[in-house]
Structures are given as C-alpha cells and as structure tokens.
Amino acid sequence: MADLSTNFIGIKSPNPFWLASAPPTDKAYNVERAFEAGWGGVVWKTLGEAGPPVVNVNGPRYGAIWGPDRRLLGLNNIELITDRDLEVNLREIAEVKRRWPDRAMVVSIMVPCEEQSWKAILPRVEDTGADGIELNFGCPHGMSERGMGAAVGQVPEYIQMVAEWCKHYSKMPVIVKLTPNITDIRYPARAAKAGGADAVSLINTISSIVSVDLDNFAPVPTIDGKGSHGGYCGPAVKPIALNMVAEIARDAETRGLPISGIGGVQTWRDAAEFIALGCGTVQVCTAAMTYGFKIVQEMAAGLSDWMDEKGYETIADFQGRAVPNVTDWQYLNLNYITKARIDQDLCIKCGRCHIACEDTSHQAITAMVDGVRHFEVMDDECVGCNLCVNVCPVDDCITMVEMTEGSDPRTGRPIDPRYANWTTHPNNPMAKQAAE
Amino acid sequence: MTVTETRDVRPNRLSDAAYADNFSDIHPPLTPHKALVEADRCYFCYDAPCMTACPTSIDIPMFIRKIQAGNAVGAAKTIFEQNILGGMCARVCPTETLCEEVCVREIAEGKPVKIGLLQRHATDTYMEREQPHPFTRAAPTGKKIAVIGAGPAGLSCAHKLASLGHDVTIYEAREKAGGLNEYGIAAYKTTNDFAQDEVSFILEIGGISIETGKALGRDVTLDQLAADFDAVFLGVGLPGVNALGLKGETAAGVIDAVDFIGVLRQAEDLSLLEVGRRIVVLGGGMTAIDAAIQSKLLGAEEVTIAYRRGQEHMNASLYEQELAQTHGVVIRHWLAPVSLHVSEGAVSAITLEKTRLDNTGKLAGTGELVTLEADQVFKAIGQTPDAGPLAGSVELEKGRIRVSDDRRTSHPKIWAGGDCVAGGEDLTVVSVEDGKIAAQSIHKALMA
C-alpha cells in the first residue's frame, strides 16, 4: 500500500490533504471533527491582531454557481478572517495540537503591514506548538480595503518585507499564501522566496461577483440591497490554480520552492494533478464545505489506490513529474498531426459534435450520409482541434488519433516524423535558422 | 337466485379514499426541482431525433432548455407554437413510441429524458399562472369557416384559423367540446377537468364559437355548410364501434369499452358506477388497456384482456401493456371470441378459441376452446367511421375520408383531419397536426 505521508518544509502529516484556512478551520470543534475524519492537517482560520476581533456581516456571506443537478461548481464568499477572540483561538490551537500530534497544524495570520504587529503575534502563535505559519496575503475582499490580505499580496516588495519579519521573529516554517488577483504570479512568488519564505501556497480566492439579482439589481450575496465583490473558489477555479502552480514550478527563479496547492480540489485526481505539477501538499475547502469532512476518505483512498496501480510508493515518486512537460506554446511540435475519430458503436447521435464543428469551427463533421443521420469526421477538413471531444456527452466516443504516416489529407503535406516548432517555422518572421 | 350468485355487478366496491387514490393523476406532474433535474439531462441535440419523431414537430430541445434556464412560461410558448393542445398531448401521447423512443439518452443509457412530463410541467405552469393567451389574431379576413367536431383535430384547426384572422364556428354533436379528450381518455390521465380547461384556453384566441349538441346529418348537413361557409373542416372522429357479431351481444353486461370510458369520465361520483367482479376485455389497443385498468381501479377482482393475435401485434405500446399488468390485469394473447354465455338476459361467461397464424400468415382458429367467467365483457375491437352524413359529398377510402397531404378532400371547399381520415394513426397528437395542416391549407386557398 502506498505511503501517503508527507514532510512539507519540516511539517509532517499522515497524508497530503490539509484543510485550507477558512470557515471549516475556525474552531477546535470543527478541526477535531476534521482530524477524526482523517484530514492530514489544517491551516487554522486566519488570526488577526489582539483586541476586539473583526466583525462579519450578519446577512448572507456566500454566493454560488451550479452545474447540472445543482452541483456546486463555484463558491464565492465575503467572510473575513476569524471573528473570534485571539486568546480563544490560541488556546484552542494549542489544545488541538496537543491532542493530535501527528497532524499538521499550520496557523494563518493576517495583521497590519507593520513590523510591530507581526513581532507581537508571532511568539504567541509559536507558543501554541503549531508546526508553521501561513501568511494570508490573499483575501481579496474586506480585509484588503484595510491594507491587508490581497493588498499586500499584490505588492511583491511588501511580501518580501513581511516574510523577512516572520523569518526574523520566529523559528516556525513560513508559507506565503498568494493571491491570484495579479497579472503574473511569478513576481509575488519570487518575492516570497527572496524574503526567505520556506514555501508558497496558492491560490487564494479570485475577486468575483457570482451573479446579479435581477429583481433588485444587486450583486449576490446581497446585504440590504447592496453587495461587494467576494472571493471565488471551488472546482471552477482549479484550471487557474493549476496554471499558476505550474508557472512557479517551472520558473527558473522559484524552481524547487515548495508549494502547497489550493484551488478546486474535489477528488483524489485533482490532488494528484496538483502534486504532479510539483505541490507537496494540497489544501481543500469548498469540497469540505459542500460535502462535509468525510470526503477526505475518498481522496486518501483514491490517491493510494492510484499510486498502487501505478507503482508509486511515496508522494515524492510522482511529485513534479508533469513540470517538465509544461512548456511555452512556441515549443509545441507543429509536425504532430491528429484527427478526431468517432466510435460509431458508442455514438448516440446527439449531433453536438457536428453542430459545434459546423457552426463554430471547421465544418469537418458530417450530419447526414446517404440520407441517414450519421456523424463522421472528414479528415480533409479536420484540424484536430478537439472541440468535438469536449462537447461529446459520451466518454471515449470521440478520440484524437495521431497520424504517423502518409500525408495529412487537409494540407496534402507528408507526415514529418521530426519535431519542429514555431521558432523555426518559415512563417515566423522571427524564426531562427533551423539547425541542420 | 342463481344469477345474483354467479353474476356480481355492483357499484361501491371501494372506500371513498380508494376511489380518490385510484383515479388520481397516474403520472403526477414534476415538481419544479424534478423538472430542473430532468431538464438538465437534455443534450440539446442538433437536428434532434425527438423533434423529428413528434408529429407536431415541437422544438423539444428548445423548450427543455427554456425550462432549464428558469423560463417555463417561455417553454410553453415554444410548445404551443406547434401544438396548441400541448397540455393534453403531454398527458396522453404515447411518448415511449414517439419522442422518448428516439431520445439519444434512451440509446445511451436506456433512460430517455422525460419529455412528456417536461412538456406537462411547462404547459401546466403556463396555464396555472393565468398568462395572457400566447397568440394574437391577425387582422380579420372576413372569411368564415365551419369546423365539424370539437375534438383535437377540430380545435387545433379552429385555433390556427382564428389566429390567421378567420372566423370559425364549430359544430359539436355532444354536450361538451373536447372530443376524445373529454370522453375517451382514461380518467387518471387527465384529472381536474383539464380537457375543459384546455378548451377554454384555446378559445381565448377569440373568433371561435362552438355550437354543442349539433350533429352532422341530424342538425346540419355537409352540403349546406359548404354552401354557407367559405370552407369546412371535418374532424368527426370515429363515432361507431365494431360489433362482435355474436349471439347475445345485446345482453346486459356486454358493453362497448368506449361507452364505459366515456361514462366513467363524466361520472360525478365514481362509487355509483357499477363494475363486475370478473371482467373480460376484448381487444389489443389503447381502449382495451384503458377499460381494463379502469375497471380494475373501480374494484373488479379479475380483469383479463383477450386479444386474438400475439403480443407484438397489439396496438397498445409495450409500456401501456406493462402498465395494465402492474395494475393486475392479465393479458392473454391468441384468443378470439366464439360465443357469449347469457343467462337471464345477462352475460355470464365468454368462450374463446385459441388462434394462430396459418402457413399463409392468416389468423386461424385451432379448435381449442377456453371459457372465461365474466360478469361484464367490454368490446374494444375498434371504432368505425360513420359514412352516412358524408355520403356523396367527399370521397371515402375504406369508410374513412380520403385526403391529400394538405388534408384536402375531394370536395373543393372541404378539408378533413383526425381519426376520420384514411391512413391516420388515431393519435391525439396526429389529429392536432392534421388540424394545423388543414388550417394552413384552408388559409392559403382562401387568401389566394
């Protein structure tokens, strides 16, 4: 059986599934239940300064988008950091860590961007016995208006500065949680590394308005007729998260920087994908908030079963394996030719491939052959775009098949087995002379 | 008395609650949540097979997408554009042999999208919200058209003609409009007086008047109508029923199934309806199924459908056959009636002969006889046209009216549609389409 245990910047956990800093990790009650269910670790919901805690709205805090059968695809929230007293949180963190020594206990922190504030809170957190801290530079709503959260994460210099303070005033491992609400994720990641951070975690939520109430013309969730943008998370954000993780994993300056992956992890497969792109652990929130803590059992078992099937004994065996295969468009092989193939036995004749291709792409799929409803790819028109595969409702009914010999019926050009990319393509005015 | 001992026909076999339960909606409407879940299953197919299979060509993917997008009222408009009786068709269409049979999800997983129930959700939502009528009339044309028969074909034709600006008078022989929707469909398929609600809805277009109690041949004649109006549409259905041709057919307890169904539909109090303890229904179509199930639901203990051919020859769909069987009806094939046993003026049993197909493929008796005790025998062996009032005016084909593709008869001012025309399928939805096509053809002819 595969060994799921992880050692992430010195923080050990029995599996790579951590609960992200969020409502599920706001209290001992929840965290105890999470550990009982099998979660490998938690990042305790973000602590603020000592003194009167922040207050939340008393109206709705969440908005959502749904797929078929009201499956929750994206969740948006306007909740702030913990609204419980700092002392209560610190006491509970210490108690829970003492009861669950084998689980990762990371504490999320967000205090004003002043050295004194960080200097004050760090020893208090360290005293709890927590395994590490995560700097919340990500929340895009509410706290950012007060110069914290994403307001810090959007300025690489601030990230570096605060990371340096934390390394200076604490011996705990430091994870910097990055906001996706920037143009290029590599800059904040580089700043975190420059500041001495041990790792980054990403992504935090994406600034969003999930919908507009068309009766009162206000954003959802609506608080007394008004709404403000929230932070978007859940399965819908996973593609954005994977890309940002990959950007950091393959950047020359940050390559090798430990990453805790966050964003839309719902199943073991999502987790495996984050790990394949270099993550050491994954953090989960929306899936737990949708289904409860028990889902970690599917995640852990699924990951273990898949690793057994593939012969991976430890997480490290496949961690980062996909990173070398993430490249720039310009290096993709332009001599790689594929054509769509429709399996007529599996085809249920819905015609979606045809109409998608006919109306919006390359007119490469028939609808009627000899007076009979029949969907078939015309190789002389098919550019291999894969749209039909994506709109087909049947698994594996349409597949992309590589052409390895003969010539491409669309272009008439012989299949060239050699790799050739845009950098040497004759149509590229910037093309380098192809190496002979 | 021996008769009362052997023959047991009486009302009030069940509790009031059982009557109410038995005759409630057999396929309850989808709740809004269920409708959304079901609508999500539709793939919005290109050139959708369901749409092709619908005799009225309803844009099914579009109406389902509208439901999915929270616009059930708009979905109903899409339905009504093609089929103004979309509400009744949602209840009575044999969807399992039409749209749902060809649904790609039937092919994919053996579970078609529940198109009929979704159509009902949309049309019910529309009618319950008391929306304004979905169509407005074109400018008046000054043309007057007579429609004979206020069944599905006549109502569909009248509505289309009225919307095109013509004035329509419908002559209906019975007391109420609706035709088989009112008198012929099983009670549990159209509860709460839906047929009359739908007639009211159709009349909202304006320009249609209905004269009930006016029968063709008795109160009005075809030639006179053809002379008085600019055009005539015949949607007279099949008023007669086939006879067994057996001795004893007039005995008490030998009943036309269509009459039984009609009486049941009009009954104010089902507990007052008499039903036998042992019933034999003769026939293999929907009428046989409806009569059998409803007699069972009225409290009959043993109900047998006897059909002279095999299961594969039955006009009732497999789904409807199974529905009968799950209600406890026994279906026996290859049995043809031979004689009725009559005692003191009432039927007591029926003898049937086993049948088979001979070498030439013709139905033949085997000589083996079976006698089934029966307090009532329902005849559901086919309905027949009444050529009488039509004679001489329009050409017939095997007793039914011959029509062209655009539902014109041989008479230049007379069109026809529904069950009374030759070559039809005797389905509500086909009648609706006939009426629609005829109306378009009439419009074209009158405005030429």
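Reply: Two strands are said to pair if DSSP finds at least two bridges between them, and the strands themselves (E, at least two residues), like the helices (H or I, at least four residues), are DSSP runs numbered from the N terminus. This is a predicted model, in which local features need pLDDT of at least 70 and side-chain atom pairs count only at pLDDT 80 or more, while totals for chains, interfaces and linings use all residues. Residues are numbered from 1 along each chain as its sequence is written, and chains are lettered from A and ligands numbered from 1 in the order in which they are written.

Helix α16(B), residues 286-297, makes a right-handed β-α-β unit together with β9(B) and β10(B), where right-handed says that, with the strands pointing away from the viewer, the path from the first strand over the helix to the second runs clockwise.

β10(B) also pairs with strand β11(B), residues 330-332, in the parallel sense over three bridges, and here B:Ile305 stands opposite B:Ile331. A right-handed β-α-β unit is formed in this case by β10(B), helix α17(B), residues 318-326, and β11(B).

Leaving aside neighbours within four places in sequence, B:Val281 is in contact (C-beta atoms, placed from the backbone, within 7 Å) with B:Val303 and B:Ile305, and its other partners include B:Ala288, B:Ala291, B:Ala292 and B:Phe378. B:Val281 is also one of the residues that touch the most other members of the largest nonpolar core, which has 151 residues; such a core is a set of buried Ala, Val, Leu, Ile, Met, Phe, Trp, Tyr and Cys residues joined through C-beta atoms within 7 Å. Apart from this core lies another, of 98 residues, among them A:Phe35 and A:Leu75.

How values were computed: A residue is buried if 20 or more other C-beta atoms lie within 10 Å of its own, exposed if 12 or fewer, and partly exposed in between; C-beta atoms are placed from the backbone. Two residues are in contact if their C-beta atoms, placed from the backbone, lie within 7 Å.
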